[in-house]
Every structure is written in structure tokens, then in C-alpha cells.
Amino acid sequence: MTAVLTKSTAHSIVEASPRAKAVAGGLVILYAVITILPLLWIVATAFKSQSDAIAYPPKVIFQPTLEGYVNLFTVRTRQTPDFVAKLPPPQTWYDKLVRQRDMVIAGPSKVVPRFVNSLIIGFGSTFLAVFLGTLAAYAFSRFRIPLADDLLFFILSTRMMPPVAVAIPIYLMYRQLNLTDTRLGMILLYTAVNVSLAVWLLKGFIDEIPREYEEAALVDGYTRLQALRKVVLPQAVTGIAATAIFCLIFSWNEYAFAVLLTSGEAQTMPPFIPFIIGEGGQDWPAVAAATTLFVVPIVLFTVLLRKHLLRGITFGAVRK
């Protein structure tokens, strides 16, 4: 009987056939191509001229140019050919590029301040949401809190209501508190929205960390905060990384509140990109350049945290 059970257990997992592996690999590659193709098209459009960007049928082979990036970072004015001819020779390559279109650079655009606002608001709110979410999740996981289930449901319920439903009350409240069009106001708002997601995600990770590790640390003389910092957090780094990525994606891409509550000083990239206007209409190469620039930080942040996502919850300890 023991031999029969051992044999059946050894062969309980059936390895996939080479054909099944090939089909699965092909589906994954096809999905990756379909997913990344729009992004590659946007990156390519950023290096097209305005005529190539709106050409029909769309051009796959074209003469690359940096005109879209120049238009994104500068404000230009149209001049007569006689006026342009009387100007001194262009000192930079982008001046020369603009002169070819009988235009001169009047000054820098607002893309850099908008991009800096996105960085400050996005990463600031992500840090606060993850920090507060970690403390709250640890408390729910390790202490007996009255009505803990009801409190967790209330925290989760804040994500059930669509942002548009509370947009007007938040606008009125922010106007009364003078928080409209401020970085602090946007950071606080995005933190309040993301902290519920952070609490629920991190509580699941902390629940899987055995309490015996903390008890052993407390016996060795650690305080509760020291045990949290040196025992729990290293093992929860996987959950913290995943939570930070989700929180940053929301804060980075959020559009409705950014349009309603910001107009100048604290405006972020999402409401700024659609209003990049060129001569005679939408400047699609500049829009594509702004979109490409906007995607880079979130991709880099995800790549930097990828190693933490691939590590198990057993980082720095042995699970029970």
C-alpha cells in the first residue's frame, strides 16, 4: 500500500507536453506584442514630422526628426521669411530646426513644471499611502482591535464610490480650505484614495509572516517598533513593492481630480497633455513626445522594484 501511494504521489503532477509549451509560449508572445504595439507607435510618432504623423495611410517608414520634442519644450511664434532672414545665425540645433519653418523660439513651455508636479504629487502620495497603510495593516494584523472587520470594510468602501461622485464635495471643501491648485492638496487627496488599497494589500502579506519571529525579537530586547522595522518589514518587502507600484500607477494617471482641482501651479501631466496645441490644430508629435516622457518614470519605477516582486515572502527569514 505504501509503495502504491508513493508511486501515485510521485506522478500526480503531469508535465506539459512540448506542444502545449509551444502553444502557451506563442500566446504569451502574441499578447505581449498586442500590448506593446500601441506604446511603440506612440514612441515612433514622437519622432515624426506633423505631416507624417497625420498621413493616411499611416507611415511606418519615415524620416526621423526631433521636431516633436522641440515643440514640446518650447513656445514658438510664426514670423515672415524676411524677418527670419535678418536674424543672426542660429546658435543651437533646435533654433535651426525651428527657423526652417519660419518660426522663432519665444521661450520655454510649461511641460517641465507640469512634469515636476507629477513627480512630486505621484511619489509623495505613494510614499504617504504606503507608510500609513503599512502601520495600519500591521495594527490590524497583530492587535485585537474592536470591530476590526467593520473598520476594514469601511476602509475598503472608500474605493467603491467612483471619484466623479465625490468630485463636487471635494472641490467645495478644498476651496474652503484654500487647497485648490496646490501640491499639498493633491498629495493628501491621492493618499486618502490609495491608503485603503495599501491597507488591504499589506494586511494580507503581514498576516503570512509568523508572529514567532516578532516574539523572539521582543524577548531579545527589541521594542515593538524595532521588531516591526527589523523583522516584519524585510519580510513584507514584496507586498510593499507591489503596493507602491499600484498606488503610484493611480496617482500618476489620475485625470478627473487633476482637471477639477488644478489649473496652473499644481497641474500635472494628464490634464496638460491633451491641450498641447500646435499651429493649425493638435500637435500630434509633441503629444506623442509628452506621452513617451510621461511613461518613462513609471516604467523605471516598476523595473527598479522588479527584483523585490520576484523575491518571496521568506526574504531574510524561514517561514513556518
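This is a predicted model: local features need pLDDT of at least 70, side-chain atom pairs count only at pLDDT 80 or more; totals for chains, interfaces and linings use all residues.

Biologist: How many cavities of 30 Å³ or more does a search of the whole structure find?

Modeller: On a 1 Å grid over the protein atoms alone, a cavity is a set of points where a 1.4 Å probe fits but cannot get out. Points are joined across faces, edges and corners, and a volume is the space filled by probe spheres set on them. At the 30 Å³ cut-off, the search turns up one cavity.

Biologist: Which helix gives the largest share of the lining of the largest cavity?

Modeller: Lining residues have an atom within 4 Å of a point, and here they include S118, I121, G122 and Y190. Helices are DSSP runs (H or I, at least four residues), numbered from the N terminus. α7 and α13 (237-253) each supply at least two lining residues. The largest share, three residues, comes from α7.

Biologist: Is T126 buried or exposed?

Modeller: T126 sits in helix α7 (residues 111-142) and touches A244, C247, L248 and S251, leaving aside residues up to four places away in sequence. Touching means heavy atoms within 4.5 Å. Buried means under 20% relative accessible area, with a 1.4 Å probe and protein chains only. T126 has a relative accessible area of 4%, so it is buried.

Biologist: Which helix gives the most to the lining of the second largest pocket?

Modeller: A pocket is an open set of points with protein on both sides within 12 Å along at least five of seven lines. The second largest pocket holds about 250 Å³ of space, and among its lining residues are L189, A192 and V193. With three residues, the top contributor is helix α10 (residues 183-207).

Biologist: Which three residues supply 87% of the area that domain 1 buries against domain 2?

Modeller: An automatic or database assignment sets the domain bounds, giving domain 1 (28-108 + 276-295) and domain 2 (111-268). Buried area is the accessible area (1.4 Å probe) that two parts lose on being put together, summed over both. These domains bury about 470 Å² between them, 78% of it on carbon and sulfur atoms. On the domain 1 side, the three supplying 87% are F73, L293 and F294.

Methods:
Residues are numbered from 1 along each chain as its sequence is written. Side-chain values use heavy atoms; hydrogens and water are left out. Buried means under 20% relative accessible area, exposed over 50%, partly exposed in between (1.4 Å probe, protein chains only).
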